[in-house]
Amino acid sequence: MTTLDKTLNIEVKASVKEKFDTLWKKHETSDFIKDDPVQFVHLFKNSRPEDIEIAGFISSLYAFGKREMFIKKLFELFNFMQMRPYEFIINFDKKAYNEDFNYRFIKPSDLIVFFDVLNKLYAKDKMTLEELFARSGKAMQTVGNKGQNKVFNLLQNVCNYFYDNAENIGDGYKFMLSNPENKGAMKRMNMFLRWMIRKNSPVDIGIWSFLEPSELLIPLDVHVGNISRSEGLLIRKQNDFKSVVELTNVLKEFDPADPVKYDFAMFGYGVNKAE
């Protein structure tokens, strides 16, 4: 029995679904892009796939705090890269890097370690981010993990790569690359996967194919958690990974093939409340 079955009768369930479908259709439009970190994925959409995935990955990891502040910082960072993220990473030399990019918890020393691991991925291990994520998913399938655990373990495997290949890991690096073993919501990573997997969307770029949209998990934060509880979609009080799974399972009752499209409904719900 799901959260929805426990809390809502058939009529109320249908009403919530209708409300969320209306909000999703209204807000999953190209107009959404300009004020969201997904804009940096679209900034490189006519570039090589490596530029898109690197830009998306960095942008998702920086997506915390005040929106206008991290968007400003990301523009500064990509301008420093001369709008060529892949070339910057492939040629990165930690000994020559002396830029002072700070954003809240993320210090220059954290970025050096992060860029150095990305350089190892692309230049030494001859892999892309897509290959790292896909390989992580396949590795989890071979040990029998399916469904929601597949995504959790995929993210754990990706995180392990960035931790195992890093030197001098600081608190900012740990915050930027949250470790799934801590059972947090992994909101930014799940948002990144939404961008990269969902196809036929005016917002999400959908250039990766190793997961189906039905396997994605809802990006959960305080805002989404509060809305979900107010609508009876989520019982669990903590905004942790168990709540991510619980809420995603409920949203699958609304649309089994694409449950995370309701991320746009959550955004629209907040907009309506503010108006």
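Q: What does the lining of the largest pocket look like by class?
A: This is a predicted model. In it, the lining of the largest pocket has 19 nonpolar, eight charged and four polar residues.

Q: How much space lies in that pocket?
A: About 710 Å³.

Q: And which lining residues are closest to its centre?
A: A63, K187, R188, M191 and D221, out of 31 residues that line the largest pocket.

Q: Which helix gives the most to the lining?
A: Helix 11, with five residues. Helix 11 is also one of the helices that each supply at least two lining residues; the others are helix 5 (67–80), helix 10, helix 12 (222–230) and helix 14.

Q: Why is helix 11 largely enclosed by the rest of the structure?
A: Helix 11 covers residues 187–197, and ten of its eleven residues are buried, so the rest of the structure largely encloses it.

Q: Which ones are buried?
A: R188, M189, N190, M191, F192, L193, R194, W195, M196 and I197. R188 and M191 are also among the residues closest to the centre of the largest pocket.

Q: OK, second largest pocket. How much space there?
A: About 160 Å³. Its lining divides into six charged, two polar and two nonpolar residues.

Q: Which residues line it?
A: K26, H27, T29, D31, F32, K34, D35, D36, R67 and F267.

Q: Switching to the core. Which residues touch the most other members?
A: F114, F115, F133 and F162, in the largest nonpolar core, which has 91 residues. Helix 9 (residues 147–164) brings the largest share of this core, nine residues.

Q: What is F115 in contact with, leaving aside neighbours within four places in sequence?
A: I58, L77, M81, F88, I89, F92 and Y97.

Q: Now D258. Where is it?
A: In the loop between helix 13 (241–254) and helix 14 (262–274).

Q: Buried or exposed?
A: D258 counts as buried, because its relative accessibility is 14% and the cut-off for buried is under 20%.

Q: What does its side chain join to?
A: The side chain of R198, through a polar contact of 2.8 Å. Not counting residues up to four places away in sequence, D258 touches R198 and P213.

Conventions:
Residues numbered from 1 in each chain as written. Predicted model: local features only at pLDDT ≥ 70, side-chain atom pairs only at ≥ 80, totals over all residues. Heavy atoms only, no water. Buried < 20%, exposed > 50% of the residue type's maximum accessible area, 1.4 Å probe, protein only. Helix = DSSP H or I, 4+ residues; strand = E, 2+ residues; numbered from the N terminus. Core = buried A, V, L, I, M, F, W, Y, C linked by side-chain atoms within 4.5 Å. Contact = heavy atoms within 4.5 Å. Polar contact = N/O pair within 3.5 Å; in protein donor to acceptor, adjacent residues only side chain to side chain. 1 Å grid on protein atoms, 1.4 Å probe; cavity = no way out; pocket = protein on both sides within 12 Å on 5 of 7 lines; lining within 4 Å. Points joined across faces, edges and corners; volume = space filled by probe spheres on them. Nonpolar A, V, L, I, M, F, W, Y, C, P; charged D, E, K, R; others polar.
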